[in-house]
Amino acid sequence: GADEVVFYDIAASVEGRRLLTQLLRRVASQVSVPLMVGGGIQTVRDIEEVLSCGAAKVSINSGALKNPKFMEEAAKRYGSSRVILSMDVKRVNASFRVFEAGGQVDTGLDALEWARQGQESGAGELVINSIDADGVQSGYDLELLGAIQKVSSLPVVASGGAGSMEHFLELFQKTGADAGLAASVFHFRKVSIPQLKEYLAEHGVPVNK
């Protein structure tokens, strides 16, 4: 019942290798909803290869940090709807900073400014992953999401922190997020997607059925 599947090869950029395309093709062959793919996408050639494997969208993180013009080039060639800026964000001295290398390295970039630049460069969406909330399952980082939406009008996919159906409801009721991305809460069947959609609909949140 998921509206979209996100496939992240989280070690690709850290290990300096390309995304596992053979595995990606196998995954894409089993998925009938849009597939967003990220990890190790550094060049236009990488995007071409990922799209040819069956991805509907590419999620770019470290590639944009290394070359800010990359997003602009990708959006012009493939269209903004297929080019997504992914950001790993953490609080540092009361400010939001962008991290790379799987959330291990502080780039020194202000996350709000980077989101604004991403929109100007042609990104079609923002995936905002809160490092502070990731894996904790205590709820999405509503403060971070609210701050991002004050500087960007792009659709926002919230990531990091989901641990219950109530957390999704809180996300949609208290922020303008367009989607909630989650991993472990689904992987370990703590929350069922069909039940979650029914719960959200009962509380007035529009969902795709």
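Leu-126 is in contact (heavy atoms within 4.5 Å) with Ile-84, Leu-85, Met-87, Ala-115, Ile-148, Ser-152, Leu-154, Pro-155, Val-156 and Val-157, residues up to four places away in sequence being left out. The model is predicted, with local features requiring pLDDT of at least 70 and side-chain atom pairs pLDDT 80 or more, whereas totals for chains, interfaces and linings use all residues. Residues are numbered from 1 along each chain as its sequence is written, and side-chain values use heavy atoms, without hydrogens and water.

Leu-126 also belongs to the largest nonpolar core, which has 52 residues; such a core is a set of buried Ala, Val, Leu, Ile, Met, Phe, Trp, Tyr and Cys residues joined through side-chain atoms within 4.5 Å, buried meaning under 20% relative accessible area and exposed over 50% (1.4 Å probe, protein chains only). Ile-47, Ile-60, Met-87, Leu-126 and Ile-128 touch the most other members of this core. A separate core of 5 residues includes Met-36, Ile-84, Val-127 and Val-157. In soluble globular proteins, nonpolar side chains tend to be buried together.

Helices (H or I, at least four residues) and strands (E, at least two) are DSSP runs, numbered from the N terminus. In helix α2 (residues 21–28), the buried residues are Thr-21, Leu-24 and Ala-28. These residues lie on the same side of α2 because they cover an arc of only 50 degrees around the axis, the arc being that of the directions from the helix axis to the C-beta atoms. The exposed residues Gln-22 and Arg-26 are carried on the face turned away from the buried side of α2. The cover over the buried residues of α2 includes β1 (5–8), β2 (35–38) and α3 (44–52).
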